[in-house]
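Here is a short tour for someone meeting this structure for the first time. Keep the view open as you read.

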Amino acid sequence: MEPGDNKKSAASMQRTKIQLATTYSPGTLFTFEGNLVVCESHPSPKPDRANLALYVREQILSAIEEKVHAWYSAAISTAPHTTARMCVDEGLINREQLQEPFPRHKFGFVEPKELGYQPTLLTMVCNTCKLVRAFEDLKRFESDASDLDPKNCPDPMSEGNCHWRQSDIVFVHPNGTYCQPVPWRYDWDNESSSVRKFDYSCSRCGSTEVRLNDDSNQVGKRFFYCAECKMPRNAQWLQNDRELLRQYRDQSHSHIAEIRMKPVSYRANSVQYPQHDMVIDFGDSEQLEILSDLTHRKLINFIGERFQIESGAMQDSDIESAVRTKLGDQRWEEFRKKKESVNSIRALASENKDLKPALDALGREIDQQIDQWRTQGVIEDSIKLPIEVLENLANRRERFATKFDPFRLLVEHSALLETVVNESYLASGLRSYTPLDQLDEHVGPSQEEARSELNQKHREIMDRIGIETLGLVRDFRTTNYSFGFTRVGSTPRINYINDTEVPVRLKLFPRVQIDEGEKAQHPVYVLKQANEAIYVRLSESDVRRWMTDIAPLGGVDDTPIGLQYLSRVPELNPFLDNLPGHDLDAPHFSLALYGLLHTYAHHVINAVSEFSGLSTGSLGEYLFPSDLAFLVFRRGMTMDLGNLTAMLRNNAPAFLNYLVDPRSLECGSGSLCINRGGACPDCLMIPEVNCLTQNKLLSRSLLIGKGSPRLHGFDESVNGYFETITSNES
């Protein structure tokens, strides 16, 4: 519907937090259990602000900013006449351009405790005589409800009374609007220079009464006809989007395929796609401060230490000396003043969020200046990172989506090891992380001798499947969030009516006043969760042998595999729609490595589902490709009953044997699946909303061979990771 169609304040409903943030998020069309009244959900008028750690808050805002920019870039290129308002929410537009800097201050974090709702789709149809009553908005419905009094129904089966039901058909459009079925068509009127109703009355007899012909099972072929003379209003339902009519005005006839709305049953089709994701809460790890270093020097030093390269990056005094010597005192003073400005703004930004964009902009300038001086040879760090790594690092904001940023993931993995995957103990007295080859009495047998035997058995199985460590993480904290939605499609562009490609608008949740006296903000619903996880890190020696076997582009050198990944990783945007394709002569090194880890993670997800009773839809994944590691974790918001602990306590050997058993990687589609890439819903794929890549970079062939992914340089049959390990043992 268009803004302002319903002014009455919404009633409130309560559901589980995860339902409110996704299934019932603002903009959703739904019915209650009786299926009697169609409603639209709205933000609660008095939400509770959520308290989040600074790193988590910044991660979420960065991810939203990144998603909006990527969405806008993809949508705006749909056609030459595509405008900014057709791509993203009006709250993100300024003078027909995407706002720069990104307006982070317009978002507020809230807890999804309740949502509002109100009836919508107010077109009523008699079940027997098919007479139609259409009410344009809720206010009109309440004032004219007497029109629905049962009287004089002509159908003999009705005993003279109309039996009204609410239509469950909705007309939707990719720009996010919807409307109910109405017995007229909106169109542009050149004489009045406005949108008006056409075919409001019958062209033959002038009657405004209509009935619905719903004989066809196809929703799009239903139509209204005159209740008096039986003349059809149109051969089928037609409706236009009012917003695009105003945009195209007298040129509307040239854009019919874009303006048309689609009739669908909201019960049978998804007419709302929530925009949601999650970030990991690493607690108070000092490692994360490395990512806030505006000059990248701490990050360079960290990479050097992680991969055991010469340590000791240049200090401020060394940079000052080099710049003064080679460029002069004035150049250094200009740079010093800019750094002082950054420090001043940083001190204020902790209290004033509006300063964050200015801080980021100055930080980027300092980054670029330092990188330029390195390129020019003005300064030389003693850490000799490959030039490709330095180039990727200098351009990481432009090249990598947050969830694929290899440098962020490298630091986050270090923070994970520091805060979770370590020898620490929880307040309950349980170990924070329990490897399966170092069981304790809480996961393994109570007798030490039996545990020792089981540890050895687990170690032997893990060696057979190329795993260095695998264990239980007891306190894994995540924050799920949702911030907007789309209609008709979940991607920035879709093939619409007559296969015309059109942009899909990313809409934010409607603004609401979160704090009294403050400006209204677009709510971001956040769900903090503590659950269990399975942590896995592959053996680098086994991965190196496998990479050598598949002979990737550029070969495999003696440097750490993770460092080679950082050197060769291509641009990774949120949609992974720009990856190197069929034109490669050999497998792409970094995509092959990511595909191996991703496929292995899905294999573990299937194993967890098999032995824990959890569905694949209740599990998630997080990959650390440079560290050859990944996490599989519970996503549910219900109370954690220790499913993963119970699974490992009761079935750890069977769980590990499942991973190595060839039968566990079979598929209902048989050899066809392997030959076409080795991943389908019958084997490795999981629900797209749970998968980091929407089921891309995934192939069983990378584990067991026998086929080829047929992408990213894999044109021939590939040797599987398990095959490499087996051949090495023999």
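The model is predicted.

**A helix with a buried face**

Start with helix 7, which covers residues 316-327. This helix has 12 residues. From its first C-alpha to its last it reaches 16 Å, close to the 16 Å expected at 1.5 Å a residue. Its buried residues are Ile-319, Ala-322 and Val-323. Seen down the axis of helix 7, they fall within an arc of 95 degrees, so they line one face of the helix. After helix 7 comes Gly-328. The phi of Gly-328 is positive, near 105 degrees.

Strand 12 pairs with strand 13 over 2 bridges. Phe-171 has Cys-179, in strand 13, as its bridge partner.

**An enclosed strand and its hairpin**

Now move to strand 26. How many of its residues are buried? The count is 6 of the 6, so strand 26 is largely enclosed by the rest of the structure. Leu-619, Glu-621 and Leu-623 point one way from the strand. Gly-620, Tyr-622 and Phe-624 point the other way. In a regular strand, side chains alternate between the two faces of the sheet.

Strand 26 is joined to strand 27 by 6 bridges, and the two run antiparallel. Gly-620 stands opposite Phe-633 in strand 27. The two strands form a hairpin with 4 residues between them. In this hairpin, Leu-628 takes a positive phi near 55 degrees.

| Strand | Residues |
|---|---|
| Strand 12 | residues 169-172 |
| Strand 26 | residues 619-624 |
| Strand 27 | residues 629-634 |

**Cavities**

Finally, look inside. The structure holds 5 cavities of 30 Å³ or more. The largest cavity has a volume of about 140 Å³. Which residues are the closest to its centre? They are Val-182, Phe-224, Asn-234, Trp-237 and Leu-238, out of the 15 residues that line the largest cavity. That lining divides into 9 nonpolar, 3 polar and 3 charged residues.

Note on methods
Residues are numbered from 1 along each chain as its sequence is written. This is a predicted model: local features need pLDDT of at least 70, side-chain atom pairs count only at pLDDT 80 or more; totals for chains, interfaces and linings use all residues. Side-chain values use heavy atoms; hydrogens and water are left out. The expected span of a helix is 1.5 Å times one less than its number of residues. Buried means under 20% relative accessible area, exposed over 50%, partly exposed in between (1.4 Å probe, protein chains only). The arc is that of the directions from the helix axis to the C-beta atoms. Two strands pair if DSSP finds at least two bridges between them. On a 1 Å grid over the protein atoms alone, a cavity is a set of points where a 1.4 Å probe fits but cannot get out, and a pocket is an open set with protein on both sides within 12 Å along at least five of seven lines; lining residues have an atom within 4 Å of a point. Grid points are joined across faces, edges and corners, and a volume is the space filled by probe spheres set on the points. Ala, Val, Leu, Ile, Met, Phe, Trp, Tyr, Cys and Pro count as nonpolar, Asp, Glu, Lys and Arg as charged, and the others, Gly among them, as polar.
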